[in-house]
Amino acid sequence: MPSQLASLKQWVDDVARLTQPDQVHWCDGSDAENALMVERMLANGDLLKLNEQTHPNCYLHRSSPQDVARVEHLTFVCTTNPADAGPNNHWMEPAEAHAQMDALYAGCMRGRTMYVVPYCMGPIDSPLSRCGVEITDSPYVVANMRIMTRMGAAAQARIEREGSFVKGLHSIGELDPNRRFIMHFPEELSIQSFGSGYGGNALLGKKCHALRIASYQARTEGWLAEHMLIVGIENPKGETHYVAAAFPSACGKTNLAMLIPPEGYRRDGWKVWTVGDDICWMHPGADGRLYAINPEAGYFGVAPGTSEKTNANAMAMLNHDAIFTNVGVTADNQPWWEGMTTGAPAQDWQGRPYDRAVSPAAHPNARFTVSAKQCPSYTDKAEDPQGVPLSAIIFGGRRASLVPLVLEARDWTHGVLVGASMASETTAAATGAVGVVRRDSMAMKPFAGYNFGDYFAHWLSFDKPGAKLPKIFQVNWFRKDADGKFMWPGFGDNLRVLEWVLKRATGQAGALETPVGNVPNPADLNTDGLGLDAAVLEQLLTVDREGYKAEMASIGEYLDEFGDRTPHALKAERARIAAQLA
Ligand code: SAT
Ligand code: MN
């Protein structure tokens, strides 16, 4: 028996001894197995069948109402030295965390089946991919992992062939919010999650592995694991440039990744190709460029707000073979959420008769799970073992004021500062207050598996002789006017901004230099057919020097939070900009 298989079997045995399941099922990822999972969930009420005529093979899952989002306050990074987790994470001493988790896991799978889920994050034959095994007692997790990762026999074969794999142990427990923890042990490459069945807490390949553990691994191995979509933009000459873009959860990554060009652009021959909508692993290639893979195989996207108008590609991929979580349903049992332009809800996400005075039809963080291959803008570049070369990296957040529509960083160091100082309004993707502006460096605040100070230093380290790094930009689609209305139309029209970004990256567009970065002159941006007021465009592209003076002071305080782990070069960059503004 190969030693990797032996160590996997040993671990599975140890877990079974602790959790005491009635049965152990090794998942092979087959259609027959999936049919069995679905049958079990239909029988126990975990899944409800949706309208087979309009939505073949689609199911609704209603989660426990207390279990609808990530729980950042219950998420821990357990390193030997607390400073390695950093002030950006909750920390617990590893031995104490293990003791707490062991107590929760003891006997927790009695009467249940324990599923062993081998998975590969990234194309199965890519050297950039990494494998893991999730043990879970939730068939809903199995069904979602099958869509979201390369799950089953092929992944297990790779694990048996090669070195280490990430060990993830998950039990829904009693879904009790008071007995819920999401623990990460980066030094052991392991994850332990208890008490939640919700996406980011339970589908351990996603945030737990592909971001928290992977970011830690990436630092030691010289790559980056980021909370970014990956999109290919094909211009009328037939050239495709790839862009990676970081936004916090529920800030439109899925929509941007699946963007449909405005009419004039479509006529001219522009096309958009979706490689990924949430996570991006970037490795320096032999030619000095950064190459990106999407470690995921599916989309776990926010349903509310998704419509023919905002994301027609998503709508087209959601009418077959999809799982919906916490959406409402119409009288004829079709999924329904706020923002849909047709149909009407009959029941809300908790299965009650819909009453808008009581609850929205869909929970604001209701989700769909669907295979990436169902997206009309899917490209088989998503399967390329080499990944795609990046021409630009974009950082974006939800900022009602101050941050212009787009700005270009002067160089890599400035770009890292722009990413590090990102801030955004909180959303329903995590439990807690919504709409509060907080710093969210590289949109990784909830996901970096180590100290942000070290993380910034790691980012800076890519700038070395021979590197041909992508240019870094910042965008803000979310500026509001005095009446609280969005100033920029967003969605498909964001391609106008991406066109400028790519033209800058290839030296073909003008810009105005300012201390905080280069912004387009109004004429540098294609606004044909947009009907945007010139004064509004002007405002969107103006750098508010007074506002930025205060912002730079606040960024200085933020960087100081990481003490001497914050790289000096980053502080110096901030000081340089502050001096120019003064
Ligand atoms: O639930 S997830 O963490 O996967 C979604 C998100 O918050 O980005
Ligand atoms: Mn995300």
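Guide: Phe 452 and Phe 456 both belong to helix α13, which spans residues 452-460, and they are four residues apart, about one turn of the helix. The model is a predicted one, and what follows is computed from it. The rings of Phe 452 and Phe 456 form a stacked aromatic pair, with 5.4 Å from centre to centre and 20° between the planes. Both Phe 452 and Phe 456 are buried.

A pair of aromatic rings is described by the distance of the centres and the angle of the planes. Tyr 450 and Tyr 455 give another arrangement on that description: their ring centres are 5.9 Å apart and their planes stand at 70°, so this pair is edge-to-face. The cut-off behind that label is an angle over 60 degrees, while stacked pairs have planes under 30 degrees apart. Tyr 450 and Tyr 455 are both buried.

In the model as a whole, the count of aromatic pairs comes to 19. An aromatic ring can also face a charge: the charged end of Lys 207 sits over the ring of Phe 447, at 4.5 Å from the ring centre.

Next comes a lysine in a helix. Lys 549 is in helix α16, residues 545-560. With a relative accessible area of 34%, Lys 549 is partly exposed. Setting aside residues up to four places away in sequence, Lys 549 touches Leu 581 and Ala 582. Of these, Leu 581 is 32 residues from Lys 549 in sequence, and the two C-alpha atoms are 6.4 Å apart in space.

His 414 can be described in the same terms. His 414 lies in helix α12, which covers residues 412-420, and is buried, with a relative accessible area of 2%. Not counting residues up to four places away in sequence, His 414 touches Ala 409, Val 516, Gly 517, Glu 573 and Ile 577. For Val 12, the separation from His 414 is 402 residues in sequence and 47 Å in space, C-alpha to C-alpha.

Another histidine, His 25, is placed in strand β1, residues 23-26. The relative accessible area of His 25 is 17%, so His 25 is buried, the cut-off being under 20%. Leaving aside neighbours within four places in sequence, His 25 is in contact with Glu 33, Leu 36, Met 37, Thr 113, Met 114, Tyr 115 and Val 116.

Met 37 also takes part in a helix contact, that of α2 with α5. The axes of helix α2 (residues 31-44) and helix α5 (residues 139-148) come within 9 Å and cross at roughly 145°, and the crossing is left-handed. On the α2 side the contact is made by Asp 31, Asn 34, Met 37 and Met 41, and on the α5 side by Pro 139, Tyr 140, Val 142, Ala 143 and Arg 146. Sorted by class, that contact has six nonpolar residues, one polar and two charged.

Helix α5 is largely enclosed by the rest of the structure, because nine of its ten residues are buried. The buried residues of α5 are Pro 139, Tyr 140, Val 141, Val 142, Ala 143, Asn 144, Met 145, Ile 147 and Met 148.

The loops remain. Most residues other than glycine have a negative phi. Asp 321 has a positive value, with phi near 45°; this residue is in the loop between α11 (308-317) and β19 (322-325). At 36% relative accessibility, Asp 321 is partly exposed. Leu 402 also has a positive phi, near 70°, and lies in the loop between β24 (388-396) and β25 (406-408). At 12% relative accessibility, Leu 402 counts as buried.

Asp 287 is in the loop between β16 (280-284) and β17 (290-293). With a relative accessible area of 32%, Asp 287 is partly exposed. Apart from neighbours within four places in sequence, Asp 287 is in contact with Gly 466 and Lys 468. Asp 287 and Pro 389 are 102 residues apart in sequence, and their C-alpha atoms are 10.0 Å apart in space.

Notes
Residues numbered from 1 in each chain as written. Chains lettered and ligands numbered in written order. Predicted model: local features only at pLDDT ≥ 70, side-chain atom pairs only at ≥ 80, totals over all residues. Heavy atoms only, no water. Axes fitted to C-alpha atoms, helices over the stretch in contact; angles between N-to-C directions. Helix = DSSP H or I, 4+ residues; strand = E, 2+ residues; numbered from the N terminus. Left-handed = near helix turned anticlockwise from the far one by under 90°. Contact = heavy atoms within 4.5 Å. Nonpolar A, V, L, I, M, F, W, Y, C, P; charged D, E, K, R; others polar. Phe/Tyr/Trp six-rings, centres within 6.5 Å; stacked < 30°, edge-to-face > 60°. Buried < 20%, exposed > 50% of the residue type's maximum accessible area, 1.4 Å probe, protein only. Lys NZ or Arg CZ within 6 Å of the ring centre and 35° of its normal.
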